[in-house]
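Please walk through this protein model with me, going from a few charged pairs to a pocket and the helix beside it.

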Amino acid sequence: RVVPLLSEFDSLMDFTQDVRSAKNAKLRVGVSPMLADLFLMDAIVDFCNLYPEVEIKLTETGSKAVRRQLADSNLDIGVCIAGDSFDCLHDIVLARDEMVVCVNSANPLARNDSLRFGQLREEYFNMYSSFSTLNDQLLTRCNYAGFNPKINITSSKISLIIQMTERGKGICILPRPYAARHCLPGLKLIPLQDSFPWVCCLVTNKNAYQPYVSTLFSNFIVDRAHSESGPFGTRGDSDQP
């Protein structure tokens with residue numbers, strides 16, 4: 001009568017070891033496209049090299065959508081920017097940086113070393129889609145400066161926004177690391193006088209069960225982001241945004 005119990009115990013030990021070693025585990029990760037480009041893709045490659053048996057299902061979408069899917073338990077982890085949140089979500093800040101104004105070098109604004117939002121009143125904006133948290137943040141700051149922005153184009157493709165700006169059709173406001181990496185020859189990047197922070201977070205649903213592989217991945221990303229150089233040249237911290 002004891003033999004089956006011992007066999008079951010051995011099986012349970014094997015199962016526990018499999019879970020702890022992340023064998024055949026699946027992980028659902030949501031990420032905003034800019035962070036995928038700047039940081040996460042390289043990190044995922046390194047993680048997969050360490051844990052080749054983990055299957056990662058990656059969803060690229062806007063930060064608002066990432067947070068909604070986390071709240072609905074359709075994702076295990078999100079890597080996106082601070083913004084819309086839910087009581088059930090927990091943010092760990094990976095890095096902070098600033099937004100900058102991008103203009104064509106022939107635009108009169110290009111003569112400035114820095115800009116206030118009020119100086120953008122007469123410009124046409126190349127804007128993010130309404131699914132983006134940055135869209136809401138930009139509209140809020142324009143309204144706070146006393147105007148509704150004139151819209152040239154609205155797009156979910158950041159490359160299209162940059163190309164339109166480089167060709168002299170409107171201006172755009174981008175995270176400094178992304179703008180610096182993808183700056184085209186005809187563009188000038190101008191800092192804002194008033195701070196416009198861009199805060200990148202790893203987000204989980206604190207009310208949902210977190211499998212071992214989720215904790216493993218979270219720790220890997222946080223440790224990498226909080227290394228000496230940070231994910232894109234800045235040091236992050238683990239405070240709430």
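Is D46 buried, partly exposed or exposed? D46 is partly exposed, and its relative accessible area is 31%. Here buried means under 20% relative accessible area, exposed means over 50%, and partly exposed lies in between, with a 1.4 Å probe and protein chains only.

The model is predicted, so local features need pLDDT of at least 70 and side-chain atom pairs count only at pLDDT 80 or more, while totals for chains, interfaces and linings use all residues. Residues are numbered from 1 along each chain as its sequence is written, and side-chain values use heavy atoms, with hydrogens and water left out.

D46 has a charged partner. Its side chain meets that of R224 in a salt bridge, 2.6 Å from N to O. R224 belongs to helix α7 (residues 212–225) and D46 to helix α2, so the pair ties together parts that are 178 residues apart in sequence. Helices (H or I, at least four residues) and strands (E, at least two) are DSSP runs, numbered from the N terminus. R224 is partly exposed, with a relative accessible area of 28%. Side chains of opposite charge can pair when their charged atoms come close. The cut-off used for a salt bridge is a side-chain nitrogen of Lys or Arg within 4 Å of a carboxyl oxygen of Asp or Glu. By that rule, the whole structure has eight salt bridges.

Another of these pairs also involves α2. D37 and R181 form a salt bridge with an N to O distance of 4.0 Å. D37 is in helix α2 and R181 in helix α6 (residues 176–181), and the two are 144 residues apart. D37 is partly exposed at 33% relative accessible area, and R181 is partly exposed at 48%.

A further salt bridge joins E122 and K150 at 3.1 Å, N to O. E122 is in the loop between β4 (89–104) and β5 (124–128) and K150 is in strand β6 (residues 150–155), so this pair ties together parts 28 residues apart in sequence. E122 counts as exposed at 53% relative accessibility, whereas K150 is partly exposed at 30%.

Strand β5 also holds N126. N126 is buried, with a relative accessible area of 2%. Its side chain makes a polar contact with the side chain of N152 at 2.8 Å, and another polar contact, of 2.9 Å, joins the side chains of N126 and T165. A polar contact is a pair of N or O atoms within 3.5 Å; within protein, one must be able to donate a hydrogen and the other to accept it, and residues adjacent in sequence count only if both atoms are side-chain atoms.

The largest pocket has a volume of about 270 Å³. Of the 17 residues lining this pocket, those closest to its centre are P33, T61, G62, S132 and S156. The elements that give two or more residues to the lining are α2 (33–50) and α4 (133–144). A pocket is an open set of points on a 1 Å grid over the protein atoms alone, where a 1.4 Å probe fits, with protein on both sides within 12 Å along at least five of seven lines; lining residues have an atom within 4 Å of a point. The volume is the space filled by probe spheres set on the points, which are joined across faces, edges and corners.

Helix α4 can be followed from its start. S132 caps the N-terminal end of α4, with a side-chain oxygen 3.1 Å from the backbone nitrogen of L134. An α-helix has 3.6 residues a turn, so residues three or four places apart point the same way. C142 has 0% relative accessibility, and its C-alpha is 7.7 Å from that of G118, 24 residues away in sequence. Just after α4, G146 takes a positive phi of about 95°.
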